Amino acid sequence: MTPALLVAAAIWGSLVIYALTGGADFGGGVWDLFAHGPRAKDQRRLIANALGPIWEANHVWFILALVLLFIAFPFAFAAISISLHIPITLMLLGIVFRGAAFVFRSQETSSVRMQRGWGYAFSVASTITPVLLGIIVGAIASGSIVSKPKDWPLWNFISPWLAFFPVALGFFTLALFAFLAAVYLTVEARTVDLRNDFRIRALISGVMVGLFAWVCFILGKNGAPLIHGNLSHESWSVPFHLLTGIVALLALICLWVRRFKAARVLAIVQAILIFIGWGLAQYPFIAAPTFTISASAAPISVLEPLLKVILLGIVLVAPTFGFLFYIFKRH
Amino acid sequence: MSNLFAARSQMAVSLGFHIVFAAVGIAMPLLMVIAEGLWLKSEQEVYLRLAKQWAKGTAILFAVGAVSGTVLSFELGLLWPTFMAYAGPIIGMPFSLEGLAFFLEAIFLGIYMYGWKIVPPAIHWLAGILVLVGGTLSGIFVVTANAWMNTPAGFQWHNAVVSNIRPFAAMTNPAALTQSLHMTIAAFQAVGFGVAGIHAYVLLGDRRNAFHRKAFAISLSVGALMSVIQPVSGDFLAKQVARNQPVKLAAMEGQWETERGAPLRIGGFPDERVEKTRFALEIPKGLSFLAHWDPQAEIVGINAVPRANRPPIAIVHIAFQMMVAAGTGMMLIGLVGAWLYWKTRRLPDARWYLASVVVSAPLGLVAIEAGWTVTEVGRQPWIIYNIMRTADAVTPMPGLVIPFALFTLVYLFLAFTVIVLIRQQVYASSEDGYS
């Protein structure tokens, strides 16, 4: 392992934890949007209570990934920021409205109508943002980031991301985040009825994850040839897909037979496997075709102290972040 | 509107918006920890209610700070990709440490805000202290990165190639300590006065309200103490600027000619066409003395650099005067409050004094905004002082006026909403404060 590869792994790891925690927070917002039936209010309250204490800490994983990217792979970061200016800006607006509306809703006491308005803003932003995040990742994975796009025509700033593969990956991300949230909420629900509500939601979104995975794989043939090639022709490809598929299926079976804690573990493993697949398929690129991990990395004099800070971070953050979850999620 | 100007405007709006919430995120935990500590010590219920009420207001402001901070960290790349491509690795050290500090802050904020009934009181209080430490450290690290833009260090730059990067030397650049000290004190000072002003406003109508009296006492103490030490840190910072960014100092002071025994100008308007500062009150040799402790010291004037390398002088000078005026105002109000307390041994609650604190409530935020205007506009036309021009760092993305307009509207809307919500809370809290 070279220092550059270690930092790339740390970025990958932050994104995995972000998806498992912050991603599920967005998923919670999705289920707030789709809350209905006699228990709609209880569903919303369960989601709000689940998010409240942790969402800001979860969000830091995303910032961390960003910061590590611009320190260790500065030119890749600059190129991504230029080519994907539009979807990143839209995603930021989503992040702003999701977070702000979430606290505004909980603090708005004067009018029920305003409260409902903030709730709506929170849930809509929670639904749109993961799609944009997936589009951004999809655009990077599709190999369309060039180091200096010409500033005209404007199409140069749209074509990298407004394509079938990135958009499909956007919906895949949405389904995955919603699935994780629904599975977590089956464990966190305190009544049988609520648990059943989220069991149904988890099953539906779990099937959607599988469907969109296939759509992405098929579209990737033309849309992200490099990733697609790695995911289909390497020696690890077939066993890897089998493993991911089996874990996904087991998660759905556990949901079906109401083994919710086991389903939660399996859903997490499934998500991690998906990320491993992405990581392996994208290797050795930070952003294909121009930026490889080794060639676009900052000099060693930057990476070595950075790795020390990352180590310090693991020592400091792992126990405290775990403590936060222990306090609020142990029941 | 040119693309460069749109990008600079968007950055200014984003920074100007975020810094308010960042200051609150740094300083409110101190007020909460003091109130909760007094509750733990005295077991007076009113302190606990105060800590909880402050925590409630802070939750809103903190969330807005977190998301607007996220916007800023992405905007570094969205608006200034060339800057980040070169500077990212050099100033990565404070940014990565800031990430850790932000973790600490966000994790313990969750425990603090939602753990009142879950963790024991002592642990809860400790969580508050860790929020304070995390918030203060992340502020210091971010300002350190900004300081590097003013006094770049820890690398070699030759024909647009960066080499020999020493992250630690970059982090300990000459402006790092003075700038982060000044900003940290400013955060506590601005929030102290802002909060004191709000509670003073309620006390004007209900002078015996115990809840608001305690709130006023704590926040004013913090604000007043900071307002007295802030001029000292400002002096350190100004001397550092005099050494490392003489043109910025000249712009701040409206000093056009290089001269010995330069006067200190109070107020005035620098006329960039005739290169003179008019209508200023001049204190002979004052600037030389303040900048170098020597009334005969030479002060570099704006004319020492060609026009293309000068910042907009009038903006920098006026912003600096505003900051100093606001700071002086707060210091006077703080000193009067201390004197009243020393004389009467009770909370200074005379109507005229409460009213003066109400009026001073926004001064700290005005000073912060003006101070950042000095820092940022005063560095122009450079994004990395004397190394890279802002115009060379901007993204090639066309039509930047659109995101600028978009973010401006969103931030105006959020600011309006936050004000409405905080108002609601203040009114709710004044109804049940036992008189």
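**Overall fold, core and chain contacts of the predicted model**

The structure described here is a predicted model. Taken along the principal axes, the box filled by the C-alpha atoms of chain A is roughly 55 × 45 × 45 Å. Of the 331 residues in this chain, 54% count as buried.

The secondary structure of chain A consists of 12 helices and 2 strands. Along the sequence, the elements follow the pattern α-α-α-α-α-α-α-α-α-α-α-β-β-α. Among contacts in chain A between residues at least 6 apart in sequence, 80% join residues at least 24 apart.

One residue of chain A may be considered individually. A:Phe198 is part of helix α8, which spans residues 192-223 of chain A. This residue has 25 C-beta neighbours inside 10 Å and therefore counts as buried, the cut-off being 20 or more. When residues up to four places away in sequence are not counted, A:Phe198 touches A:Ala182, A:Leu185, A:Thr186 and A:Ala189. A:Ser296, by contrast, lies 98 residues from A:Phe198 along the chain, and the C-alpha atoms of these two residues are separated by 44 Å.

The largest nonpolar core comprises 273 residues, of which A:Ala72, A:Ile136, B:Ala23 and B:Leu31 touch the most other members. The element that gives the most to this core is helix α1 of chain B (residues 3-42), with 19 residues. In soluble globular proteins, nonpolar side chains tend to be buried together. The surroundings of B:Leu31 were also examined: with neighbours within four places in sequence left aside, B:Leu31 is in contact with B:Trp54, B:Val195, B:Ile218, B:Ser219 and B:Val222.

Contacts between the two chains involve 55 residues of chain A and 54 residues of chain B. On the side of chain A that touches chain B, two or more residues are given by each of the elements α3 (55-72), α4 (74-83), α5 (85-107) and α12 (300-329) of chain A. The largest share, 14 residues, comes from α12(A). By class, this side of chain A has 40 nonpolar, 12 polar and 3 charged residues.

Technical notes: Residues numbered from 1 in each chain as written. Chains lettered and ligands numbered in written order. Predicted model: local features only at pLDDT ≥ 70, side-chain atom pairs only at ≥ 80, totals over all residues. Helix = DSSP H or I, 4+ residues; strand = E, 2+ residues; numbered from the N terminus. Buried ≥ 20, exposed ≤ 12 C-beta atoms within 10 Å, placed from the backbone. Contact = placed C-beta atoms within 7 Å. Core = buried A, V, L, I, M, F, W, Y, C linked by C-beta atoms within 7 Å. Nonpolar A, V, L, I, M, F, W, Y, C, P; charged D, E, K, R; others polar.
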